[in-house]
Amino acid sequence: MLLVRLTIALLINAAALWVADVLFDSMHISGFWSYFLAALVLGIANWIIKPILTILTFPLIIITLGLFLLVINIAMVALAEWIAPNFSIDGFWTYVGVVVLIWIVNWAAYRLIDHFEDRFPQRRPA
């Protein structure tokens, strides 16, 4: 079940990056491996690095009423851009737009997944 969830998360991140690429002229990503690697780096960074940064910068997050989380998310996307080939983002506001768009796509996809999991629960062996 964990492998399925990780695969779904990877596909959702890749889809979010594709949508961002279509919507923003100052973002460019091309090739299957670029999408795959960027989505993988984004997933791993959000799973490992982001919680650590969130804990370390918690006072700053509180002082800015959570806006510093946007900076952390921009850093995660910048890391994915740095590692993945054929992936570039130009401009601060494009980073902000990409982060917001990735958040919206992830939110919508996980709402849909939760809806189907609630509607069609898995049978557990007795």
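The model is a predicted one, so to speak of local features takes a pLDDT of at least 70 and side-chain atom pairs count only at pLDDT 80 or more, while totals for chains, interfaces and linings use all residues. Residues are numbered from 1 along each chain as its sequence is written, and side-chain values use heavy atoms, with hydrogens and water left out.

Now for the overall layout. The chain has five helices and two strands, and reading along the sequence gives the pattern α-β-α-α-α-β-α. Helices (H or I, at least four residues) and strands (E, at least two) are DSSP runs, numbered from the N terminus. The C-alpha trace spans about 55 × 40 × 20 Å along its principal axes. Of the 126 residues in the chain, 33% are buried; buried means under 20% relative accessible area, exposed means over 50%, and partly exposed is in between, with a 1.4 Å probe and protein chains only. Take the contacts between residues at least 6 apart in sequence: 64% of them join residues at least 24 apart. A contact means heavy atoms within 4.5 Å.

Helix α1 covers residues 2-23, and Asn-13 sits in it. Asn-13 is buried, at a relative accessible area of 7%. Leaving aside residues up to four places away in sequence, Asn-13 touches Ala-39, Leu-42, Gly-43, Ile-102 and Asn-106. Val-4 is also a residue of helix α1, but with 46% relative accessibility Val-4 counts as partly exposed. From Val-4 to Ile-63 is 59 residues in sequence and 38 Å in space, C-alpha to C-alpha.

Next comes helix α2, residues 32-56, which holds Leu-40. Leu-40 has a relative accessible area of 32%, which means that it is partly exposed.

Leu-65, in the loop between α3 (58-63) and α4, has a positive phi of about 55° although it is not a glycine. With 78% relative accessibility, Leu-65 counts as exposed. Asn-86, in the loop between α4 and β2 (87-89), is not a glycine either, yet has a positive phi of about 55°.

Finally, helix α4 (residues 68-83) packs against helix α5 (residues 92-119) at an angle of about 100°, with their axes 9 Å apart. Axes are lines fitted to C-alpha atoms, for helices over the stretch in contact, and angles run from 0 to 180 degrees between N-to-C directions. The two helices are therefore roughly perpendicular to each other; angles under 35 degrees count as roughly parallel, over 145 as roughly antiparallel, 65 to 115 as roughly perpendicular and the rest as oblique. Where they meet, α4 brings residues including Leu-70 and Ile-74, and α5 brings residues including Phe-92 and Ile-102.
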